[in-house]
Amino acid sequence: MNDIQPHPAVKDPKPPRKWTPPGLGLLQGLAVSGRNLVESFYKKDRMVTVQYPEERLEISPNFRNFPFLCYDGDDPVKGLRCTACSICEKECPPQCIYIVLDRDENGKSLKRPKVFDIDISVCMNCGICSEVCPFDSIYMDGEYEMSGYDRFGGMMLGLDRLSKSADYHMKLRPEQASEVLARRKADEEKKAAAAAAKAAKAKAEQEKKAMEAKQAAEAAAAESSQGGEA
Amino acid sequence: MILYLPILLLILLSALGAVWLAKPVHAALCMALSLALTAVLYLALGAHFIGLVQFMVYVGAVAVLIVFALLMTRRGEESSEISARPRSWALGLACAFPAAAMLVTAAIQGAALPKSPPSEPQVSLSDLGRLLFTDYAPAVLVVALVLTAVLIGAALFAREPQKDTLR
Amino acid sequence: MSAVPELLSPSVPWWDLEWLPRLPQRVVEWIVQFLGLPEWLAQIAGMAVAAFTVVGVFAGAFALLSLIERKTLARVQNRLGPNRVGPCGILQPVADGIKMLTKEDIVPARAEWFLHLLAPVLIVVPAILALGVIPYGKSWTPVPLELGLLFFFAVGAMTELSIFMAGWASVSKFPMLGAMRAISQMVSYELPLMLAALGVVMVSGTMSLPEIVAQQGGFHLGFIPAWNLFTPWGLVAGVVFFIACIAEANRCPFDLPEGESEIVAGHMTEYSGFKYALFFMGEYLGLFAISGLGITLFLGGWQAPLPGLGFVPSWCWFFAKLSAVIFVFLWIRATFPRVRIDQLMRFAWLCLIPVSLLTLPAAALWHHAGRGFSGWALTLPLLAIPWLILTVTFNKRMAPQTRRFHYADS
């Protein structure tokens, strides 16, 4: 066991001097803190204090707080992407989301939520609701100044406070928002292309049928004229 | 004389407290109080140097030593051992009699107190210093030797057995 | 009536502010005499007002120091200090005071309430008593005692008992431990303090503090002040004294008895509200008193540092020196980590006491060999050679060792 060699990366530090003036290290330490003190008055980048609430730190794009609902365009009701499928309600670990589907007078689903409540005193900011949403409608917000005076009702956010526009999403998380928008646009184009292809195919089929009917009619006409001649 | 009566009374009371109180810490603090009041008496009598030295040495060193010993050995709380005093009155009187006899004899035979304390101390500080280092030098040296021996003995007693230290 | 001519004496130039500290006392004495009350009442009233002046000035200085300390420490640590309450945070001590006064006074149920109550009082009283003997100006020592230095150390000795009382009365682990450590630290560092002061007494031949300051007047070579710090033994004794000052006042790097990360608050753990504020105040007043004593003994008290600056009032010089010394203490607090209890004791007993013992024969030699060149020539080797030997020994035995852990990278 005694012949273990030290790792080659470990180098011996320089051996200490035979006699160092005592207190030299202390004076060097005092010089460092003295320099800090003096420079703090005229060097602006030394002071790291951010004087909240007059100044605020920039939040990073990965910061997430409570969720918000995204809507396209200008109308928060018509442009809301959420279809009240309730997947986020079921997946939320502390079960802080409450959704009621909007139905018309016949009971048919209108594919939008009538009530969408999130209790932010329960929400644990995990982001699972955002991960499982199939309609790109719920994302994590970055707002943190949400103190209120009411512990129960004041902490329950409804549709009016949760709906924020897609431009806000773009400002908040540019990468994520642009990726979502690109994907949605690609999906729409694909759908449009598929619809166009289907329409073209239907039209071609219709033309073919019309052609066949015309040919059949011509054949029938030729037959009847030949029969008259014999 | 009237001015000294309250101080003397308080000294007696605190000395009684030092002997009679059940908890050792209370008794030690009462003793410190009686020593401090003795220093006050010296100061009132005009012996400034002795009064201040009494305060510094007795209250600042001896009393601190006693309370420190109580603190270290954690015996300050226990009152059961202290209150088991011997019940024999005769033994107590026999111990107190010689001291009382000396005090009474000194009081009867001693000189009368001056009417008011002298404003200037009769023996000045430099005289005291000179006496300590010339006439009483052997006594000072002997006391110093005794104290050194006590310190070394205490350090040896308090030392834990030397363990092998890894170098 | 006798006070007024003294104030307006023609020998004192009108712009000389030497009489300013004495003003409240003189005014009260004059008022009482004007009202026809007896002489002894005037004296007592004057003394009371002088005492209140001293306490008031230093309590105000304590409040200011608590703010300056926080801001200086903050600036050294690259952050701003308190700056919300009032411009530059100047009203922060007021806010702190209000907070302390309105906090609930909690006494543990098992604690002995009388000792618990008495301890903070007995920490503030010696500090205030000690502040009374320091000469602040040419004609302003609140109580000029012939044995002023001895009085100072005697009342300082009372602090240790009160720390013990604080630790014992709150029946709890941390106060007990903190009190033990605090007492052992204070007792150990009192020795270098007194030995260093003893050298000054030997050279000055008196224990009276105004006398000691008066003997440090005058200038060598025309511009070097004759302070005790600028003598060979005085330099060593002064450094030892100021290090012992920091330890006696329980300040960083010697604040183990009250460091938060070590022992909660040591002997002050079970105190809240005004009693805690009293502890705090007692600690800072003690710091003022002991650095005031250091300035009196080694830095020439109220003497001016250069010959031409005599027009500045003497108490201004004293407070300027006090501010400088306190600033150095703050700087030291901002820089150094806390020392452990065994390192603390080792430093006191193995380093400070031998060095301070050395200053005694050095001071005697310097005094008897004439205070000039021969004094320097004899004393310097006496001090320098043991110091060099000490440092070589310390470097060998106590220098940081290279340790290599062979098995750490397997």
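The model is predicted, and accordingly local features need pLDDT of at least 70 and side-chain atom pairs count only at pLDDT 80 or more, whereas totals for chains, interfaces and linings use all residues. Residues are numbered from 1 along each chain as its sequence is written, while chains are lettered from A and ligands numbered from 1 in the order in which they are written.

Let me begin with the overall form of chain A. Its secondary structure comprises 6 helices and 6 strands; here helices (H or I, at least four residues) and strands (E, at least two) are DSSP runs, numbered from the N terminus. Read from the N terminus, the order of elements in chain A is α-β-α-β-β-α-β-β-α-β-α-α.

The radius of gyration of chain A is 35 Å, against the value near 17 Å that a compact globule of 230 residues would have. That radius is taken over C-alpha atoms, and the globule rule is 2.2 Å times the number of residues to the power 0.38. Along the principal axes, the C-alpha atoms of chain A fill a box of roughly 140 × 60 × 50 Å.

Of the 230 residues in chain A, 14% are buried. A residue counts as buried if 20 or more other C-beta atoms, placed from the backbone, lie within 10 Å of its own. As for contacts in chain A between residues at least 6 apart in sequence, 66% join residues at least 24 apart; a contact requires C-beta atoms, placed from the backbone, within 7 Å.

I turn now to the sheet in chain A. Three strands form an open sheet in the order S2-S3-S5, with antiparallel pairing. Strands pair if DSSP finds at least two bridges between them. Which strands are at the edges? They are S2 (97-103) and S5 (156-157) of chain A, each pairing on one side only.

S2(A) is joined to S3(A), residues 109-119, by 6 bridges. Along this antiparallel pair, Arg103(A) has Ser109(A) as its bridge partner, Val100(A) stands opposite Val115(A), and Tyr98(A) stands opposite Asp117(A). The hairpin of these strands has 5 residues between them, and Gly107(A) takes a positive phi near 95° there. On the S5(A) side, 2 bridges join S3(A) to S5(A), and Ile118(A) has Leu157(A) as its bridge partner.

Next, the helix pair in chain C. The axes of H9(C), residues 232-248, and H11(C), residues 274-298, come within 10 Å and cross at roughly 175°. Axes are lines fitted to C-alpha atoms, for helices over the stretch in contact, and angles run from 0 to 180 degrees between N-to-C directions. H9(C) and H11(C) are therefore roughly antiparallel, a label for angles over 145 degrees. Among the residues that meet are Phe241(C) and Phe242(C) in H9(C), and Ile290(C) and Leu297(C) in H11(C).

Finally, the interface. Here 15 residues of chain C are in contact with 15 residues of chain B. Helices H6 (148-169) and H7 (173-204) of chain C each supply at least two residues of the side that touches chain B. Which helix gives the most to that side of chain C? H6(C) does, with 10 residues.

How values were computed. Buried ≥ 20, exposed ≤ 12 C-beta atoms within 10 Å, placed from the backbone. Contact = placed C-beta atoms within 7 Å. Parallel < 35°, antiparallel > 145°, perpendicular 65-115°, else oblique.
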